[in-house]
Amino acid sequence: MTRWSDVLILGGGPAGLSAARELRKLGVKQVTLLEREHELGGIPRHCGHTGYGLREFGKLYTGPDYARRLADEAAEADLRPRMTALKIEPGGLVRATGPGGMEDLQAKAVLLAFGARETPRSARLISGTRPFGVMNTGALQQYVYLHGRCPFERPVVVGSELVSFSTLLTLKHAGIKPLAMIEEQPRIIARHPGEWIARLGFGVPLMTNTRLVRILGQDRVEGIEVDRGFGPEHFDCDGVILTGKFRPEAALIAASHVEIDPGSNGPAIDGYFRCSDHTYFAAGNVLRGIETAGQCWREGKAAAHMLLARLESRLPQRQADARVAIQGPLQYVYPQRIYRDAPTTNPLLFKARVSRPARGRLSVIVDGATVWSRRLSALPERRIDWQLPYKNMKNCQQVTVEFDAA
Amino acid sequence: MAGMEPLLLEAAADILNGASKGNSALLHTGFDALERSVEISCMQAGYREYMEIKDRLNLPLIESGALVVAWDEEQLAKLPGIVEKAHRNNVPDVTQIDRNALRKREPFLSARGLGAVLVPGEHVIDPWSAPLAYAHQGLAHGGRILRRCRVTGGNFDDRRWRLQTSLGEIDAGVVINAAGNHGDIVEAINRESPFAITPRKGQFVVFDKPASKLIHAIILPVPTERTKGVVVCRTAFGNLLVGPTAEDQTDRDSAEVDQAALAQLIDKGIEIVPGLSRHTINASYAGLRPATQFKDYQISVQGPRRWITIGGIRSTGLTSALGIAQMVGQAFAETFGEMREQEPIWTPVPNLAEDRPRHYLTPAAGDIVCHCEWVTRKEIDAALEGPLPAGDLGGLKRRTRCMMGRCQGFYCAANVATLADGRFAP
C-alpha cells in the first residue's frame, strides 16, 4: 500500500517543522512529516539551556520548550514520530518503517530535512586507544538532559564553536566542571555569545593553538595528550567531548540517486532549495555543517514557499542555467545550481564556508563580470552568507564564486 | 568437546575481545598460505565446515571473490607464480586475468591495475557472529563460559590441573591454551614456551556504506615476505574496509590507532579506488594478532601433561577456527579417549549482514534505536539476554552493531546506555 501526500517532509527538527507549519498556512492540504525519534524537535530537544526562539516566537525558550513549540506550531500537519525513512527513490517515493511496519509513501514533493551531526572521533582520525568516554556534544546532551546521567566527571572539551559553549552549559547543568576547553585554531571559532560565555567562563581554562593528539586509557578514558607547539603534553581526564565539526546527516541521500556536493557533503541544490531530482528539496543543516535552529527555521519557511511553487508548477523544469564553480580555499558554496528565474520577490541567497583559515576578497563573477565582492576573513566552521538580486543572474551561463585569499 | 564438560575461561568482560576483535573478516581459501602447513590444513578444513554449517547457524557469506592486483610490471611478473602456488595449495579455480577483464570486473578500481589473479572462493563473513554462534552451540551442548576470569598460574599433579585464576582455583582434566596474544604467558604455566608472541598490530579504516558500491571483490596486493599488505574489501555489514597496517609491538592488550597511519590507509585506499576520496570514514580500529617467530601455527598436544597448545593463530584464525577445532578434537580423542558423538544442536544467531533481511525489515520490528545501523530495541534487548548476554558495551556493539555506524553514537549512545543500564552480564 502506498500512502499519498502533497508534501512529505523527512526530519522533524526546526527546518522540517517550520516547513510543515508554513505549508499548512499556505493552504497545502496533505503535509506529512516523518521523524525517527520518539519526540519531535530535532537537536533542540536535548539542548536543555536557554537561547532559542527569540526571533521566531518573540520569546526565549530552552531547547526542549522550543522543540515543543515547533511541534505545536506544526500540529496541523500529519506529524509522525518513530517513523524511519529507509530509502528515497526517484520521483518522490520514500520507503519507511515504524511501529506499524514497512510503508511506502509517495508525494508530489519531498523535503529532506535530516539535519546534521558532529564529526565523531573516528572520522577525526585521533590517535590512541578507544576507551569509553569519548563522545560528541549530541550524545552528552542526551545523557544529561534526556536520561539524567553524566558519563564522566573531569572531561576535556575539544573545540570552540557555538556548540562547544552549549557543552559547557550542559556540563554546568550536570554539576561538572571540565578540565579545559581546547581549540586547535589560534582563535575561538564561535562568535558571540560563545566568547562571552567563555569569558564569564565558569572558570574553565580555554587553550587555543592546542591540538588533541592522543587519547589514553583502556576501558575508560584516563588522559589525553595535547600539542601546543612544543611537543606532547599529558593531561589526566576521564572524558573527551568532541564538539562541533558538524556534517550533514545525508547518508540516505548519498545512498540514493540524488546528487551530493562533495564539498558540503549535503545535497546539491538550486536557488529554490531543489535537488538534482526536482521532486526532492532540502533545507536546514542537511545542506552544510551547522547553523542555528533559528536559521534552519527560517530556511524551512523559505523552502515551504518553493515547495508550494512546485505544487503549482511555477518552477522551471529545464536544466539549470549555470553551475556554480568555486575558486580558492572554499569548502562549498550553495546553491550549486542557478536559474535566472525568480519565483518569489526574495533575492538569491548564497551560503559558503572556507576550507582553511584565510583572509582575502570574496567575489561572485557572472559571465566574466564581477557582480559582487567583499573583504572576508574567515575560519572553517564559520558561516558566510550574502544575497544577490536575481537581476544579477540575467542570462547567466557561468557563475563563479572566487575567494582570492593569501 | 561433545560429551565433555568444557569450561571456557575468558580474561576480558566478554568473548572476542582480544585477537579476534579486530581482523579483516575474510573467509580464506588458503590460496596463498604457507604450503603444507598446519595453517593451510586448518584453514581449508575450516572453510569447508563454515560452508556446511553457515545456514544452520544463520551466518552470512558475501561471495565477493578476491583479486590480487598487480600495479606495476614487477608485480605483474609475480602473478603466474601466485596462480601456481594456489594450484599447489589445492585451490584449482584460481586464474590470472588481464587488464581488460580486471576493468570489466572492477570499473571503479584505479586504471593503473595491469592485471590480477582471480580467486573466486575468497569471501567476506561476519567476524563476530560466527564465533558467537560457535560459543552458543558450545553452551547448548553443556559447555560453560566464565568471563572476567584471568588465568594467573597452575599446578599439575600428573592427573589433573589446578589453575589459579582471578575468580579462584579451577580444576581441570585437560587444559587447552588458546590465549591469543597471551598464549606464551599461559603456556609458561605448563612449560617453557617454545614460541614467543610479538603482537602485530593491524589498523583499519571503515568507510561509510555508500562506498561499498565501488568494489565487488576483495582487492589484495601482491604480497611481500612480511605481510599480505593492505586489503580493500566490503564488509558483511555493508561498509568498505581498508587495512591492515602491520606493526610489531610489545603491549599485548592495547591496540592504539595512529593518525598518520590511518591517514596513510585512507590515501592507500584512494590510490586503489579513487572514488573513495568522495566518501567518509565511519570508524577506525586496531587489532592485535598473535605473531610468533614462526610462520606456522603452534599447535601441539602434550598427552602426559594433559595440555593442548593452540598458539600463534594469526589473522587467518577466523577462517581456520573450525578446522583447528576439528584437528584438536581429533587429537584430544586420540590422546585422552573417545568423545561421545552428539547430534549437533543448532543455535542460529541474529543476522547482522546487509545482504540479507535485517530485523528492522520484519513486520514487528518495533522501534529503531541506532539510526545509522538500523538496530532495533528488540535486538538490543535480545543481546542483553539469553545464554551469553553481552558482558560490556563492546560486546553489545559486536552483537548488534549499535553505535557502530557513521555517527558513532551521536544519536543513540545515551539511549543505548539507558537500555543497557545494569544489564551487562557479570
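This is a short chat about a predicted model and how its parts touch.

Q: What are the ground rules for numbering and confidence?
A: Residues count from 1 along each chain as its sequence is written, while chains are lettered from A and ligands numbered from 1 in the order written. The model is predicted: local features need pLDDT of at least 70, side-chain atom pairs count only at pLDDT 80 or more, and totals for chains, interfaces and linings use all residues.

Q: OK, how many residues of chain B are in contact with chain A?
A: 36 residues of chain B, against 33 residues of chain A. Contact means C-beta atoms, placed from the backbone, within 7 Å.

Q: Which element of chain B gives the largest share?
A: E17(B), with 5 residues.

Q: Switching to chain A. What domains does the assignment give?
A: Domain 1 (1–119 + 246–315), domain 2 (121–244) and domain 3 (320–406). The bounds come from an automatic or database assignment.

Q: How far apart are the C-alpha centres of domains 1 and 2 of chain A?
A: 30 Å. In contact there are 9 residues of domain 1 and 16 residues of domain 2.

Q: And how do H5(A) and H6(A) pack?
A: H5 (137–147) and H6 (162–173) of chain A pack at about 25 degrees, axes 10 Å apart. Helices here are DSSP runs (H or I, at least four residues) and strands too (E, at least two), numbered from the N terminus.

Q: Parallel or antiparallel?
A: Roughly parallel, since angles under 35 degrees count as that.

Q: Which residues of H5(A) meet H6(A)?
A: A:Thr137, A:Leu140, A:Gln141 and A:Val144.

Definitions and conventions:
Two residues are in contact if their C-beta atoms, placed from the backbone, lie within 7 Å. Axes are lines fitted to C-alpha atoms, for helices over the stretch in contact, and angles run from 0 to 180 degrees between N-to-C directions. Angles under 35 degrees count as roughly parallel, over 145 as roughly antiparallel, 65 to 115 as roughly perpendicular and the rest as oblique.
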